[in-house]
Amino acid sequence: MNVVFLGPPGAGKGTQAARVSSCYGIPHIATGDMLREAIAAGTELGQLARSYVERGELVPDEVMLRLIEERLRNPDAEKGFLLDGFPRTLPQAEGLDALLDRMGRRLDVVVFFRVPTPTLLRRLGGRWICRARGHVYHEDHHPPKVPGRCDLDGSELYQRPDDRPEAVARRLEVYEQQTAPLLEYYRARGVFREVDGGAGIEEVTRAVCAILDTVGREGSR
Ligand code: AMP
């Protein structure tokens, strides 16, 4: 099953992808995580991406398309994939279609997470991440037991530079300008589905699984 999770920053794509990808036996491919890892490791890609990511701007399409091609050609993506944070622009969506075409594959479903802007601002503003393994906490609805420490591995919690207010505002603007047009792109291709991403975590997971179950059944017919 080849799946894309689409939605604004803070919509919960990553949280839901981590919850559902293993149930369907497909890897969770988060381009934001890949870039943050490259930045932390100081690779050539990381050096190039750093200033874009920290300002909340998009990394150039050619760079992202090369990265995703390499990732999708990895054997673990043969049975399918769950893309989180890619594509984010029309050229990326077109590039993905062309790549899948060359691979003799196609997208099965694009799940859009609809979330009101005030909710996004609250979610992104209070988000803290663990240094060791990226576990996510939130000041209001999922605080750590010990302030500043991960419940699961005790490592330090930090705020992503792009979760600071100036960068958040820019990320939402970039989303509206460059990513929102993808809704129409995928609607026109008949693969578009939508969930209420403003609901609670469990409820959203149920809605996402209901969609993926249906798509999985159609695909196996
Ligand atoms: P995320 O973790 O998905 O919110 O991504 C964090 C940041 O990584 C974004 O604000 C961009 O700077 C960069 N990024 C992630 N995915 C993409 C993409 N598909 N195209 C361009 N930039 C991206």
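A polar contact is a pair of N or O atoms within 3.5 Å; within protein, one must be able to donate a hydrogen and the other to accept it, and residues adjacent in sequence count only if both atoms are side-chain atoms. The model is predicted, so local features need pLDDT of at least 70 and side-chain atom pairs count only at pLDDT 80 or more, whereas totals for chains, interfaces and linings use all residues. Residues are numbered from 1 along each chain as its sequence is written, and side-chain values use heavy atoms, with hydrogens and water left out.

View A. A polar side-chain atom of Thr31 lies 2.9 Å from a ligand nitrogen atom. The protein buries 94% of the 480 Å² that the ligand exposes when taken alone (accessible areas by the Shrake-Rupley method, 1.4 Å probe).

**View B. The shell around the ligand.** Among the 17 residues around the ligand (a heavy atom within 4 Å), Thr31, Arg36, Glu57, Gly85 and Gln92 come nearest. The shell comprises 7 nonpolar, 4 polar and 6 charged residues (Ala, Val, Leu, Ile, Met, Phe, Trp, Tyr, Cys and Pro are nonpolar; Asp, Glu, Lys and Arg charged; the others, Gly among them, polar). Helix H2 (31–41) gives the most, 4 residues.

**View C. The open sheet.** Five strands (DSSP E runs of at least two residues) follow the order S2-S3-S1-S4-S8 with parallel pairing (at least two DSSP bridges per pair). S2 (28–30) and S8 (192–196) are edge strands with a single partner each, so one side of each lacks a neighbour in the sheet.
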